[in-house]
Amino acid sequence: GFLWFLTACAWTNVRADGTGHESTRKWRNDNLADYLGVTYQSITSLAAALSRAFPKVTAFKARRRLRTHTGITKYYNAIRPSTRRYVLRHAADLYRLFNAASSRQYPPGDKVRKVAAQLAKMRRISTPRGGSTSPFNPLSPVLACLDPHRRFPIMNQRTQPLLRAMGEEQDEDGASALVDRLIGSHGIHDSFDLDVYSQVAERNFRPVPRRKSAKKSSGKKLGHRVLPVKSEMDSLTLMAKRSVRIRKQHNKLTNQFRRAVSVKPEEGNFDLLMREWKRNRQLLIEAKTDWKGPTGAGRV
């Protein structure tokens with residue numbers, strides 16, 4: 001029942017007659033009252049019931065929060081009953097997914113892919129008239145809300161044009177593509193900006209090209225590892241159709257940084273990552289160096 005309540009909290013119940021805000025709040029409070037097993041008569045009475053059920057939530061805080069309007073995506077009334085039955089029927093699997101999405105234990109990109117992969121394996125949700133819909137449609141909003149990194153994307157019909165433009169579908173590859181190729185570009189800072197962008201983006205938008213190392217054909221899983229000490233010996237490379245010697249200044253620079261800090265940095269599709277350099281903040285560093293060779297040419 002609590003999982004269903006969380007799922008419903010991510011939806012809005014907007015009406016066309018201008019009463020959307022009150023409708024949204026009543027929808028949320030009705031579901032909370034149903035979960036607590038009480039009748040929703042007023043915010044004051046519901047706040048008292050909430051405080052009794054969760055002693056750490058004072059009646060004052062409960063009243064203040066019950067007056068707010070929540071919900072981040074509109075969802076069709078016709079699908080709600082079948083989604084409720086689906087959540088109750090698959091509560092054990094969804095409990096694990098909700099826990100994983102809300103965890104800070106995994107790197108954000110790895111977590112998005114892991115949760116999306118498990119969700120993609122789950123059965124589709126029945127819809128009226130004998131149809132079905134992907135569980136991403138009604139469940140990705142609550143996963144986005146639970147993610148403290150704000151990276152799990154909301155994947156519904158609004159994001160379908162974005163996925164098609166990138167050649168992806170509603171699965172772990174599609175989720176990773178939305179995060180890796182759109183968040184950080186087009187003015188998108190997190191999954192909620194991405195949700196807004198998906199509703200206003202033009203159909204002919206140009207996504208940021210995927211890095212070569214992230215191609216599906218590589219067969220390698222993207223991950224992070226502790227930055228090792230790298231060789232600073234000269235190496236041979238082919239440049240301008242002739243062999244020249246290039247000193248690995250880049251490796252020397254990252255080695256110097258590694259020795260200068262107390263926390264071991266990580267590397268992946270980036271040069272250096274410092275976790276928790278400030279509270280709940282990560283520091284991503286791109287190392288740039290000059291290339292030195294016998295021709296004396298420098299390249300930054």
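**Exercise 1.** In this predicted model, work out how far apart along helix H6 Asp93 and Arg96 sit.

*Solution.* Start with the numbering: Asp93 and Arg96 are three residues apart in helix H6, so about one helical turn separates them. Next, look at the side chains: they form a salt bridge, with the closest N and O atoms 2.4 Å apart. Arg96 has a relative accessible area of 51%, and exposed means over 50%, so Arg96 is exposed. Asp93, at 34%, is partly exposed.

**Exercise 2.** Which parts of the chain does the salt bridge between Asp190 and Arg150 tie together?

*Solution.* First, the contact itself: the two side chains meet at 3.0 Å, N to O. Now place the partners. Asp190 is in the loop between helices H10 and H11, while Arg150 is in the loop between H8 and H9, so the bridge links parts 40 residues apart in sequence. Then compare their cover: Asp190 is buried at 11% relative accessibility, whereas Arg150 is partly exposed at 39%.

**Exercise 3.** Classify how H7 packs on H8: roughly parallel or roughly antiparallel?

*Solution.* Take the geometry first: H7 (residues 108-121) and H8 (residues 136-146) pack at about 155°, their axes 11 Å apart. Angles over 145 degrees count as roughly antiparallel, so that is the label for this pair. As for handedness, the crossing is right-handed.

Key: Residues numbered from 1 in each chain as written. Predicted model: local features only at pLDDT ≥ 70, side-chain atom pairs only at ≥ 80, totals over all residues. Heavy atoms only, no water. Axes fitted to C-alpha atoms, helices over the stretch in contact; angles between N-to-C directions. Helix = DSSP H or I, 4+ residues; strand = E, 2+ residues; numbered from the N terminus. Parallel < 35°, antiparallel > 145°, perpendicular 65-115°, else oblique. Left-handed = near helix turned anticlockwise from the far one by under 90°. Salt bridge = Lys/Arg side-chain N within 4 Å of Asp/Glu carboxyl O. Buried < 20%, exposed > 50% of the residue type's maximum accessible area, 1.4 Å probe, protein only.
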